[in-house]
Each structure stands twice: as structure tokens, then as C-alpha cells.
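Please open the model in a viewer and keep the selection panel at hand. The stops below are given in the order in which to select them.

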Amino acid sequence: KAAEARYVSDAYVRKAVEPKITEALIKKQYDAWVKKFKPEDEVRARHILVKTEKEAKAILGKIDDGEDFAKLAAAKSIDAGSAKRGGDLGYFPRSAMVKPFAKAAFSLKAGKVSKKPVKTEYGYHIIKVEDRRKSSPPPLADVKDRVKNGVGQELLAKMVSDEKKKAKVERFNLDGSPVKKK
């Protein structure tokens with residue numbers, strides 16, 4: 001019975017709310033979000049992750065001797081995901097990485113490699129910063145589904161609020177007698 005009630009409720013909400021979600025409302029909510037968007041610093045970095053400081057120092061020596069960072073990352077890094085891309089982590093804000101890693105990455109200038117290995121709970125990192133920029137909001141096409149869900153939640157909240165205002169609510173005591181208004 002509970003599942004049936006939930007299904008009926010969901011179907012009613014979908015039928016009542018979805019037709020009211022228009023492209024104009026989606027665009028309006030996206031534009032409001034963009035106005036509030038605060039750009040933050042981002043770096044694009046590569047890293048080589050190894051288990052020991054000794055390994056990291058040996059790799060730093062190879063980098064100092066002119067070996068290619070991306071090739072070393074692909075061959076030596078235990079971070080399989082980024083190793084396939086030559087250690088490339090893409091752009092990220094400070095908050096996306098563990099503190100020691102973020103501190104080291106954001107202290108480097110574009111094109112520079114960390115002078116010493118950076119220890120985190122994952123192991124020892126050698127970091128190379130490729131670029132720096134300010135973040136920008138993603139295009140509407142990339143976040144349209146999330147914005148649409150937000151519009152739907154707002155419309156649903158308004159619908160529930162309007163229905164509550166129209167409803168006549170009677171309260172009763174445990175013995176079934178009406179609660180007297182004070």
C-alpha cells in the first residue's frame with residue numbers, strides 16, 4: 001500500500017509539475033546562478049604518484065636531467081587513471097585536492113615542477129603545474145538537467161505551499177474532541 005501511495009503521489013507530482021518547467025524558467029534560474037557564481041583560482045597540473053620518497057626523488061632526478069614528465073608519469077605513477085594521460089589531472093580548485101597536494105600545486109608557477117616530493121595519505125607526489133586560470137561557470141547545456149531539477153523542486157515547493165494555504169485543517173485531542181483555538 002505504501003509503495004502504491006508513493007507511486008500515485010510521484011505520478012501526480014510529475015503530471016502537475018513537469019508541464020510547468022519551461023525553457024524560460026530553466027534559463028532564468030541558470031542566469032541567476034551565474035550572477036552569484038564566484039570564480040576561484042584553478043590550476044591544471046600533472047602528477048606522478050609513487051609509494052616511497054626514495055622512488056620520488058629518483059624520478060625528480062630524471063626530470064632534472066631532462067626526461068619528459070608525461071612519459072615518466074605514464075611509466076611510473078601508481079595513479080592508473082591519470083598515468084594514462086601522462087599524469088594530467090586537468091583543472092581543479094584548491095578545495096578539490098588534499099591539503100598538502102593543493103598547497104604545493106598552488107604555490108607553483110605554470111611550467112614548474114615541485115622541488116621535492118609531496119607526501120599525502122596516497123603516497124609521494126611529484127607535481128608539475130601546466131596552467132593557472134580563474135574558474136568560470138559551466139555552459140547551460142552541461143548543467144541543464146541539474147537546473148531543470150532545481151526548477152522542478154521550486155515549483156513543487158510552491159505547489160505544496162499553495163495547497164497548504166487552501167486546506168482546512170482540524171485538530172483533535174486524543175479523546176476525539178476538537179482542539180479549542182486559543
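Two strands are said to pair if DSSP finds at least two bridges between them; helices (H or I, at least four residues) and strands (E, at least two) are DSSP runs, numbered from the N terminus. The model is predicted, so local features need pLDDT of at least 70 and side-chain atom pairs count only at pLDDT 80 or more, while totals for chains, interfaces and linings use all residues. Residues are numbered from 1 along each chain as its sequence is written, and side-chain values use heavy atoms, with hydrogens and water left out.

Select strand 3 (residues 118-120) and strand 4. The two run antiparallel and are joined by three bridges, and a hairpin of two residues connects them. Thr 120 faces Gly 123 of strand 4.

Ten bridges pair strand 1 with strand 4 (residues 123-134) in the antiparallel sense; here Ile 48 lies opposite Ile 126.

Next, select Ser 135, in the loop between strand 4 and helix 7. Is Ser 135 buried or exposed? Buried means under 20% relative accessible area, exposed over 50%, and partly exposed in between (1.4 Å probe, protein chains only). Ser 135 counts as buried because its relative accessibility is 10%. Beyond neighbours within four places in sequence, its contacts (heavy atoms within 4.5 Å) are Phe 37, Lys 38, Pro 39, Glu 40 and Glu 42.

Finish with helix 7 (residues 140-166). Its buried residues include Val 143, Val 147 and Met 159, and the buried residues pack against helix 1 (2-17) and helix 2 (23-36).
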